[in-house]
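This report describes a model of protein chains with DNA strands.

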There are 2 protein chains.
Amino acid sequence: MSGAVDKLGSVGLADALVGQSGSPASDGKAPRTARGEKTLRKILDAALAEFGQKGFHDSSIVGITTRAKVALGTFYTYFDSKEAVFAALVRDMSQQVRDHVAPDIEGAADEIDRERLALASYLRFVLDHKEVYRIIDEAEFVDPAGFRTHYETAAARIAARLEQATAKGQMRDDGALATEVRAWAIMGMNVFLGLRFGVWGRQDPELVAAHANDLIARGVQP
Amino acid sequence: MSGAVDKLGSVGLADALVGQSGSPASDGKAPRTARGEKTLRKILDAALAEFGQKGFHDSSIVGITTRAKVALGTFYTYFDSKEAVFAALVRDMSQQVRDHVAPDIEGAADEIDRERLALASYLRFVLDHKEVYRIIDEAEFVDPAGFRTHYETAAARIAARLEQATAKGQMRDDGALATEVRAWAIMGMNVFLGLRFGVWGRQDPELVAAHANDLIARGVQP
DNA sequence: ATGAAAGTTGAACCGAGTTTCAACTTATGA
DNA sequence: TCATAAGTTGAAACTCGGTTCAACTTTCAT
């Protein structure tokens, strides 16, 4: 619930700044020593907590540096602005979700059941990382590019799995548009079930995922 | 695209302030004359445009009053704060969506097809009122109560329709949880398809709705 | 017609929070 | 060991936009 980055097993600190491909906003901000690396991690942890609890608007740099137990000015050694930390965080969190779900969907009986495992895994993740859910959602307004990338990437992953299902004859082939519609539909489903049964209320992830998967597999027909 | 409130056929101006049941934030702010009513409408129209284009953070009261062509101080005759207009707008927009969809789903062949009509109608709405989509989304952070009410109400409406479907033997009865899961799943689907094929891209609503409804009705099975 | 109520105006106030910066401390490697 | 680079500090400058308010104008009921 407290949601420190290291709790989630943060991947690549410098990466959060520099991004997977190319530079984000500015360079020369990456830490050059182990000491700096540690400070950067403290700031990211603090930012996650601050933004997750108060949202972007009500969060402040002072709030972040206080939590991180560093001086105000230190913040600007690693980030150009409030928006910049947020963007770094979005990239990081987006990666977290991916890395959490990936191993959980490996041993799937069939391609459709894989989606059930994915949803269950995602729901479990939301259940103990509500802050992450919130931050990604708020990215729609604070870091639109990061937001869009996050969802387009996720949709592409789902679509790829659906292609697999089609190839294996486990899914009806209704053309490319159908596949994309299904991918986005499944993603929207997952996100809203996360909101309803992970953030606003609590419910057994396996149960919810089972019902949802039933919908995907057979629809609602009697 | 410009999205004036009157373009949407705004319902109850005073209602937007006072809310359907009870008072929102403050009273004594409702206009008492036709002149005041007109000014309030101008401000709400301007606020919709401003928030829709720039988002809450980058919007300003000055921006709103300039668009509305009224003095800065006039704003405070009708609203207590920036948050207050936003909340009023959310209530209003939430109503708009409902009122737009309702008539479109009346002549439905069967209960499941009703969901197709609902989605198609919603997609059409999003297509020419992107601002509304954005404002409701941003409500998650600016007016959480309004946001939650909007989606819980919408989910309840979908669930009620699904009950109907079950009663008529057009839907499998898998218990109460299944119904709620389905309702939220369908809602999430609709929202994300709106984002993908209405806000970010454009696509024939009827086509998208047909594919999505197919998923709901029969699932993806071969 | 006239006075009170409703509505309008915009300059000025105000607080809050971001960002800068020059002095200072710690680490590193030659 | 010493010089240089990296990192840290926090007070103060700066910005910006929300909010207030007292004077002024319009409307409307009597």
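Chain B is superposed on chain A by a rotation of 180 degrees with 0.0 Å of shift along its axis, at an RMSD of 0.1 Å. The two copies are therefore related as by a two-fold rotation axis. The model is a predicted one, and the values below are computed from it.

**Contact between the copies**

In the contact between the chains, 37 residues of chain B touch 37 residues of chain A. On the side of chain B that touches chain A, H2, helix H7 (130–142), helix H9 (176–200) and helix H10 (205–218) of chain B each supply at least two residues. H9(B) gives the largest share of that side, 13 residues. By class, the side of chain B that touches chain A consists of 21 nonpolar, eight polar and eight charged residues. Because 100% of the interface residues of chain B are also interface residues in chain A, the copies meet through the same surface.

**Fold of chain A**

Chain A has ten helices and zero strands, and its pattern along the sequence is α-α-α-α-α-α-α-α-α-α. Of the 222 residues in chain A, 45% are buried. Among the contacts in chain A with a separation of 6 or more, 69% are between residues 24 or more positions apart.

Helix H9 of chain A covers residues 176–200. With 25 residues at 1.5 Å a residue, H9(A) should span 36 Å, and the 35 Å between its end C-alpha atoms agrees with this. H9(A) does bend, by about 30 degrees, at Gly194(A). Since 21 of its 25 residues are buried, H9(A) is largely enclosed by the rest of the structure.

For H2(A), the distance between the end C-alpha atoms is only 31 Å, whereas a straight helix of 25 residues would span 36 Å at 1.5 Å a residue. H2(A) has a kink of about 80 degrees, centred on Gly52(A). Gly52(A) is also one of the buried residues of H2(A). Others in that list include Leu40(A), Ile43(A), Leu44(A), Leu48(A) and Phe51(A), along with Lys42(A), Asp45(A) and Glu50(A).

**Surfaces near the DNA**

Which residues come nearest to each DNA strand?

| DNA strand | Residues around it | Nearest residues |
|---|---|---|
| DNA strand D | 23 residues | Gly36(A), Thr39(A), Ala71(A), Gly73(A), Gly73(B) |
| DNA strand C | 23 residues | Gly73(A), Gly36(B), Thr39(B), Ala71(B), Gly73(B) |

Near DNA strand D, the elements giving two or more residues to the surface are helix H2 (34–58) and helix H4 (72–78) of chain A, with helix H2 (34–58), helix H3 (61–68) and helix H4 (72–78) of chain B. H4(A) gives the most to this surface, four residues. The surface near DNA strand D has nine nonpolar, ten polar and four charged residues.

Near DNA strand C, at least two residues of the surface come from each of H2, helix H3 (61–68) and H4 of chain A, and from each of H2 and H4 of chain B. Here H4(B) gives the most, with four residues. The residues of the surface near DNA strand C divide into nine nonpolar, ten polar and four charged.

Methods: Residues are numbered from 1 along each chain as its sequence is written. Chains are lettered from A and ligands numbered from 1 in the order in which they are written. This is a predicted model: local features need pLDDT of at least 70, side-chain atom pairs count only at pLDDT 80 or more; totals for chains, interfaces and linings use all residues. A residue is near a molecule or strand if its C-beta atom, placed from the backbone, lies within 6 Å of it. Ala, Val, Leu, Ile, Met, Phe, Trp, Tyr, Cys and Pro count as nonpolar, Asp, Glu, Lys and Arg as charged, and the others, Gly among them, as polar. The expected span of a helix is 1.5 Å times one less than its number of residues. The bend at a residue is the angle between axes fitted to the seven residues ending there and the seven starting there. A residue is buried if 20 or more other C-beta atoms lie within 10 Å of its own, exposed if 12 or fewer, and partly exposed in between; C-beta atoms are placed from the backbone. Copies are superposed by least squares on the C-alpha atoms of residues with pLDDT of at least 70 in both. Two residues are in contact if their C-beta atoms, placed from the backbone, lie within 7 Å.
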